[in-house]
Amino acid sequence: MGFKCGIVGLPNVGKSTLFNALTKTAAAQAANYPFCTIEPNTGEVAVPDPRLAVLCEKAKSAQIVPTRITFVDIAGLVRGASKGEGLGNQFLGNIREVDAIVHVLRCFEDTDITHVEGRIDPVSDAETVETELMLSDLDSLERRVVPLRKRAQGGDKDIKEQVELMDLALEALRDGRPARTASIPKGAELAFAGLNLLTSKPVLYVCNVEEAAAATGNSQSARVFEMAEKLGAKAVVISAAIEAEVAQLDDAEQKEFLETLGLEEPGLDRLIRAGYELLGLITYFTVGPKETRAWTIVKGTKAPQAAGVIHTDFERGFIRAQTIAYEDYIAYGEVKAKELGKARDEGKEYVVADGDVMLFKFNT
């Protein structure tokens, strides 16, 4: 299981440049005018995980199969999008289809690249986009809740609970806060997500800085981090221009180039890790002669559901899961781990941990 991130932001902030770098393609046209991205470009990239190579060597696997993440490059938003300005309706529709929002903010000065608002202020840019999303959610909820209130009066328990969740979201939105800040009762998270509100999606702010600030950030990115902390969101610093250059280099050249800039890894790695943390995702592994493979699940997933990510038959016929912690597998290998009692047979209630190396037993 991967996840889909929509890359959004105002025009000319570096969205398409970042997308091209992440996917190592030139599928998205990066041009200096608004709406150069008309249709959302979609690209899949492998999730970097150094543990895969170590496991592969230990197990003598023939190949590595990483898990993957999908990025969607969405057309630039402008003020008034919630009312259909620019490509507003299309923009909002595309956001509804993603799991998380990667919000690119321009934190660099460049007189050759026009800013649609005529100034460099990433916090204000973030507020512009967030406001348009909130206005769209508010309009949508106010229209949807009216007929549901009437049905709730008839005693339908499920409808009543849905209306209660809508009211909590409306309270937040009318207070000028995104829906994700609403006080949702424990256990109602899935139902709340089912409302499919734009501002209920988790947000990762990407501070697009100039090359010189790629390692340390700058005063503008510092403002974004301060804003993100207040909102309970995450932020990372990336130079999209550098990432575009790095994407064209082989591994050895990448390492040398990044070292000259004071960077230990490509921005993609930081972005993926932040995205995983944002969505509460973890990785488990399967290993064997044919392949070492990574699988992505939501933190808290139990063994049968984790098995179901591989195939629904695995979940349906689940018996047990042989489980070895990553550190133990690397230290001892499968055979010795079994001898030392490091290989555990876990049942249906076992909650999978990040890095678990698993072998599922199931009925066909």
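This is a predicted model: local features need pLDDT of at least 70, side-chain atom pairs count only at pLDDT 80 or more; totals for chains, interfaces and linings use all residues.
Student: What makes E10 (residues 318–324) mostly covered or mostly open?
Tutor: Count its residues. Of the 7 in E10, 5 are buried, so the strand is mostly covered.

Student: How do you know that E10 pairs with strand E12 (residues 357–362), and in which sense?
Tutor: Pairing needs at least two bridges. E10 and E12 share 6 bridges, so they pair. They run antiparallel. Phe318 stands opposite Phe362 in E12.

Student: How many bridges join E10 to strand E11 (residues 344–346)?
Tutor: There are 3, again with antiparallel strands. The threshold is two, so this also counts as pairing. Ala321 faces Glu346 of E11.

Student: Which strands make up the open sheet, and in what order?
Tutor: The sheet has 6 strands in the order E2-E4-E1-E5-E6-E7, and the pairing is mixed.

Student: Why are strand E2 (41–46) and strand E7 (234–238) called edge strands?
Tutor: Each of these two pairs on one side only. Neighbouring strands of this sheet are turned by 25 degrees against each other on average, direction ignored.

Student: In what sense do strand E1 (residues 4–8) and strand E4 (residues 68–73) pair?
Tutor: The sense is parallel, over 4 bridges. Lys4 stands opposite Thr70 in E4.

Student: How many bridges does E1 share with E5?
Tutor: E1 and E5 pair in the parallel sense over 4 bridges. Ile7 has Val102 as its bridge partner in E5. E5 and E6 are also parallel, over 6 bridges. Val102 stands opposite Leu204 in E6.

Student: What makes both faces of E5 covered?
Tutor: Take each side in turn. Ala100, Val102, Val104 and Arg106 lie on one side, Ile101, His103 and Leu105 on the other, and all are buried.

Student: Which strands does helix H1 (residues 15–23) lie across?
Tutor: H1 lies across E1, E2, E4, strand E5 (100–106), strand E6 (203–208) and E7. The helix runs at about 40 degrees to E2.

Student: What makes a set of residues a nonpolar core?
Tutor: The members are buried nonpolar residues joined through side-chain atoms within 4.5 Å. The largest such core has 52 residues. Ile69, Phe71, Tyr205, Val206, Val224 and Leu271 touch the most other members. Helix H10 (residues 267–279) gives the most to this core, with 6 residues.

Student: Which residues does Val224 touch, beyond those up to four places away in sequence?
Tutor: They are Leu105, Cys107, Pro122, Val123, Tyr205, Cys207 and Ala235. A second, separate core has 20 residues, among them Leu138, Leu141, Ala172 and Phe192.

Student: What is Leu197 in contact with, leaving aside neighbours within four places in sequence?
Tutor: Its contacts are Asp137, Leu141, Arg144, Ala169, Ala179 and Phe192. Ala179 is 18 residues away along the chain, and the two C-alpha atoms are separated by 7.3 Å.

Student: What handedness does the crossing of helix H2 (residues 51–59) and helix H13 (residues 326–339) have?
Tutor: H2 passes H13 in a left-handed crossing. The angle is about 35 degrees, and the axes are 10 Å apart. From H2 come Arg51, Val54, Leu55, Lys58 and Ala59. From H13 come Tyr326, Tyr329, Ile330, Ala331, Tyr332 and Gly333.

Student: How many residues of each class are in the contact of H2 with H13?
Tutor: The contact has 8 nonpolar, 1 polar and 2 charged residues. Gly counts as polar.

Key: Residues are numbered from 1 along each chain as its sequence is written. Side-chain values use heavy atoms; hydrogens and water are left out. Buried means under 20% relative accessible area, exposed over 50%, partly exposed in between (1.4 Å probe, protein chains only). Contact means heavy atoms within 4.5 Å. Axes are lines fitted to C-alpha atoms, for helices over the stretch in contact, and angles run from 0 to 180 degrees between N-to-C directions. A crossing is left-handed if the near helix is turned anticlockwise from the far one by less than a right angle, and right-handed if clockwise.
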